[in-house]
Amino acid sequence: MKESIALILYIPVIHRRYVEIIREWASAHELTCLYIVGEEMIKGSGVLTHEIRALDPQTVLDIIVRTGWLSLDHVDILTPQKIPAIRKYCTKIVTAREGLTMGIVGRCFPDMPVEYIDTFLRWDTTRVAATHQPDHHRVSTHPHHVRLMADAKDLGNRSSDWWRRVGAIIVDPATLSPIMSGRNEHMPSEYAPYIAGDPRDVIPAGTSPEISTAIHAEGSAIARAAASGLSTRGTYIFTSTFPCAACARLIVRAGISKVFYHEGHSNLDGDQLMRSANVEIIQVP
């Protein structure tokens, strides 16, 4: 039986990443139809109240159709009335890995196979100014450490942040099994910087880390562990980017004994603070 795929996207504005996704899936996969999330679905999601950039979904649809670079059997606006037909005629859903569409797909198509793709554009990390290289104790290329770091980087890639993507995983020291994870994410939703603006746009990189609408990956992982009643004392943390000074303080207070990081810089006294608390700092290249 031929697979019939429905691509469901929330497209507030048309940018390069959306064009790449639609073109790729239209040409290289058995894509049958494209649905642009409609106003009724957006309002019912409870995620967005006002998105400063957003075009009307019908306008987005018209632009896509009139450009002529997309050839599909069906291109439409996703409304509650369209859901039964998608469930009946499609065998798989492809959608964005972000809160709004994941919530819609989870509610409307709970029993259908779903593939998630990244839609957020990223800033080049070279734009972020460095202060000094972390003063680490050693370098590790142990296969388990490399695998956990790869998992942390993959988690970070799901962040919607414009400037930096970071993932963090807290593991049991005896088994190296993950007990909690987190990524840098804006609150209350991933679209916070688009709704109210991102204060980081007017703040020099590496300064005033407390002025942000986002929670850092390490802080998120530690907070989630606390909310779940899990002790972090003696655990290890794998973070794709070296912790900022604020997160270094959280790591020390949480009793984490080893910090594994892949890249990044140390600002203020982050590395020295952890060293003074006997936290071992290990780089995983």
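Author: A nonpolar core is a set of buried Ala, Val, Leu, Ile, Met, Phe, Trp, Tyr and Cys residues joined through side-chain atoms within 4.5 Å, where buried means under 20% relative accessible area, exposed over 50% and partly exposed in between, with a 1.4 Å probe and protein chains only. The model is predicted, with local features needing pLDDT of at least 70 and side-chain atom pairs pLDDT 80 or more, while totals for chains, interfaces and linings use all residues. Residues are numbered from 1 along each chain as its sequence is written, and side-chain values use heavy atoms, leaving out hydrogens and water.

Reader: Which residues have the most contacts inside the largest nonpolar core?

Author: They are Val37, Leu78, Ile86, Ile93 and Phe109, in a core that has 23 residues. At least two residues of this core come from each of β1 (5-9), β2 (31-37), α2 (39-43), α4 (83-89) and α5 (99-108), and α5 gives the most, with 4 residues. These elements are DSSP runs numbered from the N terminus, helices being H or I of at least four residues and strands E of at least two.

Reader: What is Val37 in contact with, leaving aside its neighbours within four places in sequence?

Author: Taking contact as heavy atoms within 4.5 Å, Val37 touches Ile8, Leu9, Tyr10, Ile42, Pro57, Leu78, Leu100, Thr101 and Ile104.

Reader: How do you know on which side of α6 its buried residues lie?

Author: The buried residues of α6 are His145, Leu148, Met149, Ala152, Leu155 and Gly156. Since the directions from the helix axis to the C-beta atoms define the arc, and these residues cover only 115° of it, they are put on the same side of α6. What covers them includes β7 (167-171), β8 (178-183), β11 (236-241) and β12 (258-263).

Reader: Which residues of α3 are buried, and what is found at its ends?

Author: In helix α3 (residues 57-67), Pro57, Val60, Leu61 and Ile64 are buried, and their arc of only 100° around the axis puts them on the same side of α3. At the start of α3, a side-chain oxygen of Asp56 comes within 2.9 Å of the backbone nitrogen of Gln58, and just after α3, Gly68 has a positive phi of about 80°.

Reader: Why is the pair of Glu115 and Lys92 called a salt bridge?

Author: A salt bridge needs a side-chain nitrogen of Lys or Arg within 4 Å of a carboxyl oxygen of Asp or Glu, and the side chains of Glu115 and Lys92 meet at 2.8 Å, N to O. Glu115 lies in strand β5 (residues 114-117) and Lys92 in strand β4 (residues 92-96), so the pair ties together parts 23 residues apart in sequence. With a relative accessible area of 30%, Glu115 is partly exposed, whereas Lys92, at 15%, is buried.

Reader: How many salt bridges does this rule give?

Author: The count comes to 13. One of them joins Glu280 and Lys258, whose closest N and O atoms are 3.7 Å apart; because Glu280 lies in strand β13 (residues 280-283) and Lys258 in strand β12, this pair ties together parts 22 residues apart in sequence. Salt bridges that share partners also join Arg16, Arg17 and Glu20 into one network.

Key:
A polar contact is a pair of N or O atoms within 3.5 Å; within protein, one must be able to donate a hydrogen and the other to accept it, and residues adjacent in sequence count only if both atoms are side-chain atoms.
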